[in-house]
Amino acid sequence: MAAILFVIGVVTVLTRSNLFKKLLGINIMESAIYLTFVAASNRRDGVVPILDLANPEQPYINPLPSALMLTGIVVSVSVTAFALALIVRLYRSYHTTDARQISRMKDEVTNG
């Protein structure tokens, strides 16, 4: 499932010229990575990592990958907000969110 999400994100980033869609593709790829790490850290018959003195031999789920992915999600939200601010700024300057058109306009301004 995560591999399919990652491929969808890659295809979106590589085939779309709209900056919002590219950002959405990047977010889909990030979600696939989070899903992979959380699924890899899961353990069958694992329990929440709280010490149970009545049953100390019971295996528990490692909480470190989940904590790291939570940190990654927070960083991802911040980066997405910053990217959205940059896209809005580009839209105000060029009146489009199409990366190809912005590149052409930028070349016309610098060359002409």
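Contact means heavy atoms within 4.5 Å. Helices are DSSP runs of H or I with at least four residues, and strands are runs of E with at least two, numbered from the N terminus.

The model is predicted: local features need pLDDT of at least 70, side-chain atom pairs count only at pLDDT 80 or more, and totals for chains, interfaces and linings use all residues. Residues are numbered from 1 along each chain as its sequence is written, and side-chain values use heavy atoms, with hydrogens and water left out.

**Exercise 1. Determine how H2 and H3 are oriented to each other.**

Step 1. Two packed helices are described by the angle between their axes and the distance between the axes. Axes are lines fitted to C-alpha atoms, for helices over the stretch in contact, and angles run from 0 to 180 degrees between N-to-C directions.

Step 2. For H2 (residues 19-41) and H3 (residues 64-94), the angle is about 180 degrees and the axes are 10 Å apart.

Step 3. Angles under 35 degrees count as roughly parallel, over 145 as roughly antiparallel, 65 to 115 as roughly perpendicular and the rest as oblique. H2 and H3 are therefore roughly antiparallel to each other.

**Exercise 2. Describe the residues in the contact of H2 with H3.**

Step 1. On the H2 side, the residues are Leu19, Phe20, Leu23, Asn27, Glu30, Tyr34, Phe37, Val38 and Ser41. H3 contributes Pro65, Ser66, Met69, Gly72, Ile73, Ser76, Thr80, Ala83, Leu84, Ile87 and Leu90.

Step 2. This contact divides into 13 nonpolar, 6 polar and 1 charged residues. Here Ala, Val, Leu, Ile, Met, Phe, Trp, Tyr, Cys and Pro count as nonpolar, Asp, Glu, Lys and Arg as charged, and the others, Gly among them, as polar.

**Exercise 3. Check the length of H2, then list its buried residues and what they pack against.**

Step 1. The expected span of a helix is 1.5 Å times one less than its number of residues. The 23 residues of H2 should therefore span 33 Å, and the end C-alpha atoms are 33 Å apart, which agrees.

Step 2. Buried means under 20% relative accessible area, exposed over 50%, and partly exposed in between (1.4 Å probe, protein chains only). In H2 the buried residues are Leu19, Leu23, Gly25, Met29, Glu30, Ala32, Tyr34 and Ser41.

Step 3. These buried residues of H2 pack against helix H1 (2-15), H3 and helix H4 (99-111).

**Exercise 4. Locate Asp45 and His95 and state whether each is buried or exposed.**

Step 1. Asp45 is in the loop between H2 and H3, and with 68% relative accessibility Asp45 is exposed. Its phi is near 60 degrees, a positive value in a residue other than glycine.

Step 2. His95 is in the loop between H3 and H4, and at 62% relative accessibility His95 is exposed. The phi of His95 is near 60 degrees, again positive in a residue other than glycine.
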